Amino acid sequence: SLTAEQPQNNIVRIAYEALASVLGGVQSIFTCAWDEALTLPSEETAELALRTQQVLAYETGVPAVADPLGGSHYVEWLTDRYEEEIRTIIAHVEERGGMVPCIESGWVQQEIGETSYDAEKALRTGDRPVVGVNAYHRDAPPPDIDLYEANEIDIARQQQRLAETKRARDDTAVRKTLDGLTAAAAGEENLMPYLLHCVKAYCTV
């Protein structure tokens with residue numbers, strides 16, 4: 001939902017999205033930095049994203065209630081509508097033999113593509129207003145933002161750490177756990193134990 005146009009509007013978007021998430025009963029929240037449509041966040045913008053959560057948690061009183069919107073007929077109607085549409089999609093998947101055949105046939109990718117096309121079309125026609133993009137837009141120079149540039153010292157340090165990890169790990173254990181994961185993935189087993197074995201063997205950092 002973040003936009004490169006008038007990017008500081010993203011500060012407001014992120015705050016409202018965080019509030020909506022809490023009102024919707026999410027278990028955890030991650031808030032983006034407002035400049036992430038343009039670059040990797042800076043320390044300053046990442047801190048502001050964290051402060052957005054903290055203001056919501058400690059100053060609004062919203063989290064003091066388990067279900068602030070409990071009893072809302074509108075929310076119940078929305079929930080029923082989402083459930084009905086989700087069941088329709090699940091039925092379509094099952095009619096096509098399950099998720100794997102749907103992916104293999106390209107049906108899932110086609111559905112995602114059509115949804116993306118509809119969203120972009122609505123943006124271009126103005127049916128889906130986005131402030132600063134297709135609504136209340138003004139011609140302005142690009143924002144003055146320090147774009148992320150990799151530091152050569154940090155790159156060298158990370159390469160050195162990776163080389164040390166590869167040197168110190170047990171290559172036999174790496175091969176064994178990867179082979180075990182490959183074999184399990186070809187069957188019906190739960191892959192989580194195999195993934196954990198791979199992590200402990202430092203197949204990846």
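In which helix does Asn 9 lie? Asn 9 lies in helix H1. The model considered here is predicted. At a relative accessibility of 23%, Asn 9 counts as partly exposed. Beyond its neighbours within four places in sequence, Asn 9 is in contact with Val 131 and Gly 132. Asn 9 and Pro 193 are separated by 184 residues in sequence. In space, the C-alpha atoms of Asn 9 and Pro 193 are 43 Å apart.

The overall fold comes next. The chain has eight helices and zero strands. Read from the N terminus, the order of elements is α-α-α-α-α-α-α-α. The radius of gyration of the chain is 23 Å, whereas a compact globule of 205 residues would have a value near 17 Å. Taken along the principal axes, the C-alpha atoms fill a box of roughly 60 × 55 × 40 Å.

Ile 11, Val 12, Tyr 16 and Leu 48 make a nonpolar surface patch of about 360 Å². Helix H1, which spans residues 9–24, gives the most to this patch, with three residues. Leu 48 lies in helix H2, which covers residues 43–59. The relative accessible area of Leu 48 is 33%, so this residue is partly exposed. Patch residues must have over 30% relative accessible area, and Leu 48, at 33%, is above that cut-off.

Thr 177 provides a buried counterpart. This residue is placed in helix H7, which runs over residues 171–185. Thr 177 has a relative accessible area of 16% and is therefore buried, since the class requires a value under 20%. A polar atom of the Thr 177 side chain lies 3.0 Å from the backbone oxygen of Val 174. Residues up to four places away in sequence being set aside, Thr 177 touches His 197, Cys 198, Ala 201 and Cys 203.

Key
Residues numbered from 1 in each chain as written. Predicted model: local features only at pLDDT ≥ 70, side-chain atom pairs only at ≥ 80, totals over all residues. Heavy atoms only, no water. Patch = residues over 30% accessible without salt bridge, like charges linked within 9 Å, V, L, I, M, F, W, Y side chains within 5 Å. Areas by Shrake-Rupley, 256 points an atom, 1.4 Å probe, with all protein chains shown as cover. Salt bridge = Lys/Arg side-chain N within 4 Å of Asp/Glu carboxyl O. Helix = DSSP H or I, 4+ residues; strand = E, 2+ residues; numbered from the N terminus. Buried < 20%, exposed > 50% of the residue type's maximum accessible area, 1.4 Å probe, protein only. Polar contact = N/O pair within 3.5 Å; in protein donor to acceptor, adjacent residues only side chain to side chain. Contact = heavy atoms within 4.5 Å. Rg over C-alpha atoms; globule rule 2.2 N^0.38 Å.
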